[in-house]
Amino acid sequence: MNASVAQKNPLVEAVIRRGLLGKGFLVALAILALWKLASSFMAGPTVFTQQVVNGLQLGFVYALIALGYTMVYGIVRLINFAHGDVFMVGAFASYFAIARWDLNLWLSKVFPTLPFWLSNAIGVITVILVSMVTCALLAFIIERVAYKPLRNAPRISALITAIGVSFFLEYFGALPFVFTSNFITYERPINVINWVISSQGVYVLPAGEAPPPTSIIFSNISLYIIIVSLVLLFFLNYLVQNTRIGKAMRATAYDKPTARLMGINVDGIISVTFAVGASLAGAAGVLYATAFPQLYFVMGIIPGLKAFVAAVLGGIGSIPGALVGSLIIGEAEVLSAAYISTPMRDAVAFSILVLVLLVRPTGLFGEPSREKA
Amino acid sequence: MFKRMFVVLSLLIVASMILPACATGGTGGGTIKVGLLAPLSGQVPTFGQSTKEGAELAVKEWNAKGGIRGKKIDLIVADSQCSPDPAVNAANKLIDQDGVKFIVGEVCSSASIPVAEIVNPKGVVQISPTSTNPSVTVDTNGATRPYTFRACFIDPFQGLVMAKFATDKGYKTAFIMFDQGNDYVRGLAEAFEKSFVELGGTIVGKESYTTTDTDFSAILTKVAESNAEVLWLPDYYNIVNLVGAQAKDKGVTAVMMGGDGWDSSDLDVKAADGGFYSNHYDPGDTRPIVQQWLKTYGEAYKDAQGNPKVPDALATLAYDATNLMLAAIDKAGTEDTAKVAEAMAAIKWDAVSGTITFDAQHNPIKAAAVISVSGGKKTFIDSVAP
C-alpha cells in the first residue's frame with residue numbers, strides 16, 4: 001500500500017533511482033563474488049566444499065544469536081547491545097555445568113548400561129537447557145531492571161542503557177570471583193569424531209591419521225551445531241506462529257496500543273520475548289564454545305556484532321531473515337578468510353553491514369511498511 | 001628565622017651528598033661491588049624476588065671459592081620496579097653513591113633500555129638476565145652498545161632453534177600461522193621461515209590472523225590440504241589452545257611447534273598434544289649442571305611449606321648473568337670496565353641455561369630447551385643449539 005503511494009512522490013522517486021544505482025553496484029559486486037567463488041570451486045572442489053561446511057558451522061551459531069536481536073527489535077524497537085554478553089554468560093554457564101558438575105555425563109553415571117552416545121546426547125541437552133534457563137532468567141532481570149523503566153523514554157536512552165548493561169556484564173564477569181579475566185579452556189561436552197566423506201564412502205577417521213586426499217572432513221561438532229540450531233529454529237518458529245504467546249508477540253510487534261486494548265499483557269509479552277531471545281543466545285554460547293573451546297569475558301562482543309550484522313542483512317525483525325542473513329555472513333567470513341586473506345574476514349562481514357544500509361536498509365526479508373512507530 | 005632554616009637545610013643536603021661519597025672512598029679496597037637492579041616492588045615483584053635469589057646464590061658461590069683474586073664480591077641490590085624512571089634512579093644511585101662499576105639487570109626490557117643508555121657513556125658494564133627486546137644491546141643507530149650484554153636469547157632466536165629441531169626430526173614441510181599484529185609472534189615466524197628454508201625445508205603455506213580471531217577453520221582446512229608435517233604456531237598459549245582444539249576436528253596431522261609463549265600452566269595439554277615448544281630453561285633438563293643448580297637452589301631456598309623451591313627461568317638467568325659478569329671480571333684480570341667488557345664479549349661460559357658465547361650484538365648464542373607436550377604432560381626432551 002505505502003509503496004504504491006510513495007511512487008507518485010518525485011522526491012521518493014529520486015531516492016528509488018539512487019537505490020537502483022546502488023543495486024547496479026551491488027549486482028556488479030555479486031558477479032565479482034560469484035566469479036571468485038566459481039574459480040575457487042574449480043581450483044579445488046573438495047577444499048571449497050570443506051570451507052562451505054566450516055562456514056555453515058559458524059553461520060548456524062550466528063543465527064541463534066541473531067534471532068535474539070531480531071525478536072527484541074521486532075517488538076520493542078531496541079537494539080539490545082547486551083545480547084552478545086548474554087551469549088557469553090551462556091557459554092560460561094555451560095562451562096560450569098560441564099567442568100564443575102559433569103552434567104554432560106550425568107545419565108551415563110546414573111544408568112551406565114545405556115549406550116554412551118545416547119546418554120551423552122541427553123547430557124548435552126541438559127547442559128544446553130541449563131545455559132538457556134540461566135540466560136532467560138538473566139534477560140528477564142535485565143529487562144525488568146534496565147529496560148522496562150525506560151519503555152516510554154526516547155529510543156536513544158534505551159540504546160545507551162543497553163550499552164551500559166553490556167559493559168556491566170563484561171566487567172562484572174571479569175571480577176576474580178565471577179568468571180575472572182583469564183582465558184579459560186572449555187571442556188567440550190562431546191568427544192570429537194571425524195567422518196571422512198570421499199569417493200570410497202563414508203567412514204570414521206581414526207585419531208591422528210591424515211584424511212585421504214580429495215575428501216571432506218565432517219566432524220560430529222559441526223553436526224551437533226547444525227542439528228541443535230535447526231531444532232531450536234523449528235521450536236521458535238512453532239512458538240511464534242502456532243501458539244497463543246506467539247500470536248500475542250506478533251500482535252505486540254504489530255501494534256502495541258491495540259494489542260493492549262485486545263487484552264494482551266504487553267509488558268509480560270515483552271519480558272517473554274527477551275527471555276526467549278536470550279535463551280537462544282545461551283544455546284548459541286554452548287555451541288560456540290564447543291566449536292571454539294575457549295572462554296573469555298569479552299568473547300561475546302565480536303560474535304554479537306557479527307550476528308547483529310546478520311540480523312540487519314536478513315531484515316531486522318524478520319525471523320527467517322535472521323537465519324538466511326547469518327548463513328550468508330558465516331559463509332562470507334569463512335570464504336573470504338579462505339580465498340582472499342584471513343584478516344579480511346571481519347572487514348568483509350562489516351562491509352556487508354555498510355552495503356545493506358546503503359542499498360537496502362530493510363534487509364533481505366525486511367518489511368518497509370512496518371517502519372512506522 | 002626562615003633564612004637560618006634554609007642554611008641548615010642546605011648544609012644537610014650538601015652533607016648528604018658528600019658523606020656517602022666519603023664512605024665509598026673508604027671501603028673500596030677489599031671488595032668488588034656488583035649492583036643488582038631487580039623489580040622488588042611494582043607490577044612483577046615475584047620476578048624481582050627470583051632474580052635476587054639467583055644472583056645472591058651466584059655471589060655466595062664465588063665468595064665461598066675465595067672471591068676474585070682474593071677480593072670478596074659485594075652484591076648491592078636496588079629496587080628498580082620494572083619501570084624506566086625508578087630503574088634509572090636506582091642505577092644512578094648504584095653508580096654515583098655506591099661506586100658500582102658492574103650492574104646485573106634490569107629484568108624488564110622497558111627498564112633495561114633506559115639503564116643501558118646511562119651506563120654506556122659512564123663505562124659501567126651491564127648484563128640483563130632476561131630482557132629480550134633487541135634494543136637492549138643495540139642503540140637507536142643500530143650500533144652495539146659496548147658495555148651492555150644479556151644472558152637470555154632474543155625472541156627470534158627460538159625460531160632458529162625450532163627450525164633446526166624440526167629439520168633434525170626429519171620434517172621437510174611446514175605451514176606457518178602468525179598473528180600479524182604481534183611483534184613477538186611475527187619475529188618468531190620470520191626467523192623460523194628463514195632458518196627452515198636455509199636448512200632445506202619447504203614452507204608450504206603461510207597465513208596470518210588477527211588477535212581477536214577465534215574461528216580458525218578456514219586456515220586449518222588449508223593446513224590439512226597442504227599436508228604440511230609441521231605447523232609453526234609461535235603465539236601465546238591461549239591461541240595455541242584454540243587452534244589445537246580446532247585442528248583436531250579438521251583432520252590436521254601436522255606437528256604443532258612454538259616458542260616460549262606456550263610456556264604457561266594454562267596451556268591446554270589436550271589441545272597441544274603432540275606439540276613441541278622451546279624455552280630458556282627447563283628443570284627437567286638432565287645435564288649435570290642443571291641438576292646441580294636445582295640442588296643448590298633447593299637447599300638455599302624453601303617454599304612456604306618448607307619444601308625445596310624449584311628455580312624458575314628468572315632465577316636461573318639471574319644466576320647465569322651474575323656468573324657471566326663475575327667470570328668476565330675474573331678473566332679480564334682487572335676491574336677496568338673496558339677490559340671486562342672486552343673479556344665478556346669473548347667469553348665462553350658453561351651456564352645453566354646452556355654454554356654461552358656472545359654474537360656481535362652481545363646476544364648470547366646458546367642452546368634452548370625443547371619441551372614436548374604429550375599424554376597430558378610437558379616433558380623436557382632436548383637441549384638444542386643452533
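**Conventions and confidence**

The model is predicted: local features require a pLDDT of at least 70, side-chain atom pairs count only at pLDDT 80 or more, and totals for chains, interfaces and linings use all residues. Residues are numbered from 1 along each chain as its sequence is written, while chains are lettered from A and ligands numbered from 1 in the order in which they are written.

Begin by colouring both chains by pLDDT, the predictor's confidence in each residue, from 0 to 100. The model scores ipTM 0.83 and pTM 0.80. Chain A averages a pLDDT of 88, and 93% of its residues score at least 70. For chain B the average is 88, with 92% of the residues scoring at least 70.

Select residues 19-28 of chain B, where the pLDDT is below 50; this stretch has 5 contacts in the model beyond near neighbours in sequence. Two residues are in contact if their C-beta atoms, placed from the backbone, lie within 7 Å. In chain A, select residues 369-373, over which pLDDT stays under 50 and for which the model has 4 contacts beyond four places in sequence. Where pLDDT is low, the predicted coordinates should not be read in detail.

Helices (H or I, at least four residues) and strands (E, at least two) are DSSP runs, numbered from the N terminus.

**Chain A**

Remain at H4(A) and move to the loop between H4 and helix H5 (106-110) of chain A, where Asp102(A) lies. Asp102(A) has a positive phi of about 50° although it is not a glycine.

Next, display the open sheet of 3 strands in chain A, whose order is E3-E2-E4 with antiparallel pairing. E3 and strand E4 (216-219) of chain A stand at the edges, each with a single partner strand, so one side of each is left without a neighbour in the sheet. From one strand to the next, the twist averages 30°. Two strands pair if DSSP finds at least two bridges between them.

Select strand E2 (residues 194-198) and strand E3 (residues 201-205) of chain A, which run antiparallel and are joined by 5 bridges. E2(A) and E3(A) form a hairpin with 2 residues between them. Within E3(A), Tyr203(A) is the bridge partner of Val196(A). On turning to E4(A), one finds that E2(A) and E4(A) pair in the antiparallel sense over 4 bridges; in E4(A), Ile216(A) is the bridge partner of Ile197(A).

Now select helix H8 (residues 220-242) and helix H9 (residues 244-254) of chain A, which pack at an angle of about 75° with their axes 5 Å apart. H8(A) is therefore roughly perpendicular to H9(A), a label given to angles of 65 to 115 degrees. Axes are lines fitted to C-alpha atoms, for helices over the stretch in contact, and angles run from 0 to 180 degrees between N-to-C directions. To show the contact, select Leu239(A), Val240(A), Gln241(A) and Asn242(A) of H8(A), together with Ile245(A), Gly246(A), Met249(A) and Arg250(A) of H9(A).

**Chain B**

Colour chain B by domain: domain 1 covers 23-153 + 312-365 and domain 2 covers 157-279, with bounds that come from an automatic or database domain assignment. The C-alpha centres of domain 1 and domain 2 of chain B lie 34 Å apart.

Then display the open sheet of 5 strands in chain B, ordered E2-E1-E3-E4-E5 with parallel pairing. Strand E2 (72-79) and strand E5 (148-150) of chain B stand at the edges, each with a single partner strand, so one side of each is left without a neighbour in the sheet. Neighbouring strands of this sheet are turned by 25° against each other on average, direction ignored.

Strand E1 (residues 31-38) and strand E3 (residues 102-104) of chain B pair in the parallel sense over 3 bridges. Phe102(B), in E3(B), is the bridge partner of Val34(B).

Select Glu106(B) in the loop between E3 and helix H4 (109-122) of chain B. The peptide bond from Gly105(B) to Glu106(B) is cis, with omega near -5°.

**Between the chains**

Finally, show both chains: 27 residues of chain B are in contact with 28 residues of chain A. Strand E7 (202-209), helix H7 (217-226) and helix H8 (237-248) of chain B are the elements that give two or more residues to the side of chain B that touches chain A. H7(B) gives the most to this side, with 7 residues.

How values were computed: Angles under 35 degrees count as roughly parallel, over 145 as roughly antiparallel, 65 to 115 as roughly perpendicular and the rest as oblique.
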